[in-house]
Amino acid sequence: MGRGYNLLFILVTFLVLVAAVAAQGNSGSSRRVGQRPRVGFYGNGCRNVESIVASVVRKHVQSNPANAPGILRMHFHDCFVRGCDGSVLLAGNNTERTAGPNRSLRGFEAIEEAKTRLEAECPGMVSCADILTLAAREAVVLTGGQGWRVPLGRLDGRISQASDVILPGPNDAVDKQKRDFAAKTLNTLDLVTLVGGHTIGTAGCGLVRGRFFNFNGTGQPDPSIDPSFVPLVQASCPQTGDASARVDLDEGSAGSFDTSFLSKVRSSRVVLQSDLVLWNDTETRAIIERFLGLRRPPLRFGTEFGNSMVKMSLIEVKTGSDGEIRRVCSAIN
């Protein structure tokens, strides 16, 4: 009897240890040592992760449509600084959120609400970086774009410094844009495709007004802009008006994810100089023409956008001891 009891005790103890190891392997950062994100990462451990993020983002976009481009832009700004690690979400003095290019970002509340719901359902499992990556896809889908399968399994970064925020600028030449993207393992097709994300959203008047009133100190608009487009932007962004006012990046279609923005690049009816110059470069122009069906072989914008978003989402991801899973997206654990 005593021997049988001991064997039973050993067996039960063994099974408990196996279950504990399995549970550890299905949650937290221990799963992520040396692992790259992959589709289906959470499996049954958090089977509703995608639907929860989708429902929260949908609610926030319905209440404020500006959250869709805001979240998409936030993901880009996150990935281009220290990789896709959710560091842009951290609040506090001198964090990335306080840097000039990030002060107009929108959608933080959506990410935080999704995190709260996921912590209730799958405590300690889903990183803020993964939530932001999923939310960016939902922003595209909710504005009429094509979805894609999102690799998951990132960890959250612990460092967020405003001084690290060096992003492609609104007046950059094509060659500089190519170099900046290449430094993040993204090619010229990715550059044109991701810039095509400007089909949704707005820009601040203070950022673009100079091109439409006093280009390079000439006292005149940029001569490369379609002359019929100039008064439209001047009316939206008066020379002495509010610099924080917004103007559509894709005239008349800023709420729809489509190729109309690329058509506007072709016709010189875009507000950012960095967008306009893509038509002047042989390589980037050829890609735009393929997206618009003007050159063969054609490219499908929705498909390529998903492909480029996946590539971008894998920039410098954190694994193992490089990161953590925050309980609150705006604060280090």
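The largest pocket of this predicted model holds about 1,000 Å³ of space. Of the 41 residues that line this pocket, Arg73, His77, His198, Leu249 and Leu272 are the closest to its centre.

**The largest pocket**

- The lining of the largest pocket draws on both domain 1 (48–164) and domain 2 (174–311), with at least three residues from each.
- At least two lining residues of the largest pocket are supplied by each of α3, α6 (174–182), α7 (188–195), β1 (202–204), β2 (246–248), α11 (273–276) and α13, and α3 gives the most, with seven residues.
- Sorted by class, the lining of the largest pocket consists of 22 nonpolar, 14 polar and five charged residues.

**The cavity**

- The count of cavities of 30 Å³ or more comes to one, and the volume of the largest cavity is about 30 Å³.
- The residues that line the largest cavity are His75, Thr133, Trp148, Val150, Pro151, Met309, Val310 and Ser313, and α13 contributes the largest share of this lining, with three residues.
- The lining of the largest cavity divides into five nonpolar and three polar residues, with no charged residue in it.

**Helix α4**

- Helix α4 has 14 residues and spans 20 Å between its first and last C-alpha atoms, which is close to the 20 Å expected at 1.5 Å a residue.
- Which residues of α4 are buried? The buried residues of α4 are Phe108, Ala110, Ile111, Ala114, Lys115, Leu118 and Glu119. Because these residues cover an arc of only 165 degrees around the axis, they lie on the same side of α4.
- On the other side of α4, the exposed residues are Glu109, Thr116 and Ala120.
- Ile111, which has its place in helix α4, counts as buried because its relative accessibility is 1%, and buried here means under 20% relative accessible area.
- The C-alpha atom of Ile111 is separated by 9.7 Å from that of His60, although the two residues are 51 residues apart along the chain.

**Backbone features**

- Most residues other than glycine have a negative phi, and most peptide bonds are trans.
- Where is Arg82 placed? Arg82 has its place in the loop between α3 (67–79) and α4 (108–121), and the phi of Arg82, a residue other than glycine, takes a positive value near 65 degrees.
- Arg82 has a relative accessible area of 32%, so this residue is partly exposed, a class that lies between the buried limit of under 20% and the exposed limit of over 50%.
- Glu316, found in the segment after α13, also is not a glycine and has a positive phi of about 45 degrees.
- With a relative accessible area of 42%, Glu316 is partly exposed.
- The peptide bond from Arg296 to Pro297 is cis, with omega near -5 degrees, and Pro297 is found in the loop between α12 (282–291) and α13 (301–313).

Terms used. Residues numbered from 1 in each chain as written. Predicted model: local features only at pLDDT ≥ 70, side-chain atom pairs only at ≥ 80, totals over all residues. Heavy atoms only, no water. Helix = DSSP H or I, 4+ residues; strand = E, 2+ residues; numbered from the N terminus. Buried < 20%, exposed > 50% of the residue type's maximum accessible area, 1.4 Å probe, protein only. 1 Å grid on protein atoms, 1.4 Å probe; cavity = no way out; pocket = protein on both sides within 12 Å on 5 of 7 lines; lining within 4 Å. Points joined across faces, edges and corners; volume = space filled by probe spheres on them. Nonpolar A, V, L, I, M, F, W, Y, C, P; charged D, E, K, R; others polar. Domains from an automatic or database assignment. Expected span 1.5 Å × (residues − 1). Arc of directions from axis to C-beta.
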